[in-house]
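Okay, everyone, thanks for coming. Let me put the structure up, and then I'll walk you through it.

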Amino acid sequence: MASTVLLLNGFRIFLKSRKFRVRVNSSFSLWDAVTSGIPQGSVLGPLLFLIYINDLVECCDPYCEIYLFADDAKLFRHIVNPDDNCSLQKGIDALQCWSQQWLLKLNISKCNVVSFGRSVDKSYMYSISDNNQNILLDRKDSFKDLGVVIDEKLTYRDHMHDKINKAYAMLGIIKRNFNYLTVSSFVLLYKCMVRSHLDYCSSVWVPYKKGDIELLEKVQKRATKLIPAIKTMTYTERLKACKLPTLHYRHIRGDMIEMYKILSGKYDTALIPRVNREHGSITRGNDLRLQKARVAYDLRKYYFTNRAVNIWNSLPNHVVLSDTVNMFKSRLDKFWQHQDVIYDFKAEIHGTGSRSCY
């Protein structure tokens, strides 16, 4: 009991009687009191914020599901009939009541509605009450979540083009600021400033159509031409000179790493996509074989948990049963060191038993 009181007193001292002032060059404003919020950049700040909003999930739980990330909340529900629309609206109302009770005002201008599906009824309008007024929420065709642009058809075309444009912008910066590039200096700049944009969350949005794959690969094609010493070589020769694999190969490799993390328990089991293990009498493949689902649409066919099955099942036991992620990467690279797709993005992974889903 005494330790609890001590802890609460510590929190009280940390939050009470705080003041701030603003500095412009060498001039300072007058001190003013901080009446709300928590100190930015502090160690205790994130913890106290999570404790403060801890009951928000329970508030919306009867009506809909909610995902939280820092100060961002997403409410969602599978809409089958009009009653589901009403339940989701009740969830929004519950969220608004909670925010008013705990003095965390919602930024209604940033609240939007996105519906996902092949044929979606958009006639129902959701609203949030503010100052005794019902404000209708805008409907969007897409939104950005943690850096990934998600559209209502889940094609990720907007995200792909956004990342391609960003990568070209970074290439422009490199070209304007470096008159001469060696292979080593280019690789360092390219990996840091360009390729990182094309790799981020690739398991979620990676394209499967040949035209889209080529669009991504053109970024690396143009990038490697910035090196004067190898500019006249073919794309494959430039990649070998830089020791850079194709983006297509990196995305396949990234899928295998994510699958390994899922099956080896590196992620929270409540958040990972469901994968079905193969428990039949088939003796071919590894001890962590996966079952491929029967699907009717390309959206599900090329989804991560389905497109990666054939390639994962083709890996040997000594690779999939690695003890650590770094060991898995090392063994996978050694096992695939002679694959054509490393330097030829139009090639396929050999040894999958059937044509790759890519």
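So, charges to begin with: this chain carries 52 positive and 35 negative charges, and their mean positions sit 8 Å apart. Keep in mind that this is a predicted model.

R18 lies over the face of F14, 5.2 Å from the ring centre. R21 does that kind of thing with F28, lying over the ring's face at 4.0 Å from the centre.

Okay, on to rings with rings. How many aromatic pairs are there? The count comes to 9. Let me pick out Y260 and F328: the ring centres are 4.6 Å apart and the planes are at 10 degrees, and since planes under 30 degrees apart count as stacked, this pair is stacked. Where do the two sit? Y260 is in helix 10, residues 247–263, and F328 is in helix 15, residues 325–335, so the pair ties together parts that are 68 residues apart in sequence. Buried or exposed, these two? Both Y260 and F328 are buried.

Now zoom out to the whole chain. You're looking at 15 helices and 12 strands, with the C-alpha atoms filling a box of roughly 65 × 60 × 50 Å along the principal axes. Of the 358 residues, 36% count as buried. The accessible surface is about 22,800 Å², and carbon and sulfur atoms make up 53% of that. Last one: take the contacts between residues at least 6 apart in sequence, and 57% of them join residues at least 24 apart.

Technical notes
Residues are numbered from 1 along each chain as its sequence is written. This is a predicted model: local features need pLDDT of at least 70, side-chain atom pairs count only at pLDDT 80 or more; totals for chains, interfaces and linings use all residues. Side-chain values use heavy atoms; hydrogens and water are left out. Helices (H or I, at least four residues) and strands (E, at least two) are DSSP runs, numbered from the N terminus. Buried means under 20% relative accessible area, exposed over 50%, partly exposed in between (1.4 Å probe, protein chains only). Contact means heavy atoms within 4.5 Å. Accessible areas come from the Shrake-Rupley method with a 1.4 Å probe; for residues, only the protein chains shown count as cover. Lys and Arg count as positive and Asp and Glu as negative; His and the chain ends are not counted. The place of a charge is taken as NZ of Lys, CZ of Arg, CG of Asp or CD of Glu. Rings of Phe, Tyr and Trp (its six-membered ring) pair if their centres lie within 6.5 Å; planes under 30 degrees apart count as stacked, over 60 as edge-to-face and the rest as tilted. A charge sits over a ring if NZ of Lys or CZ of Arg is within 6 Å of the ring centre and within 35 degrees of the ring normal.
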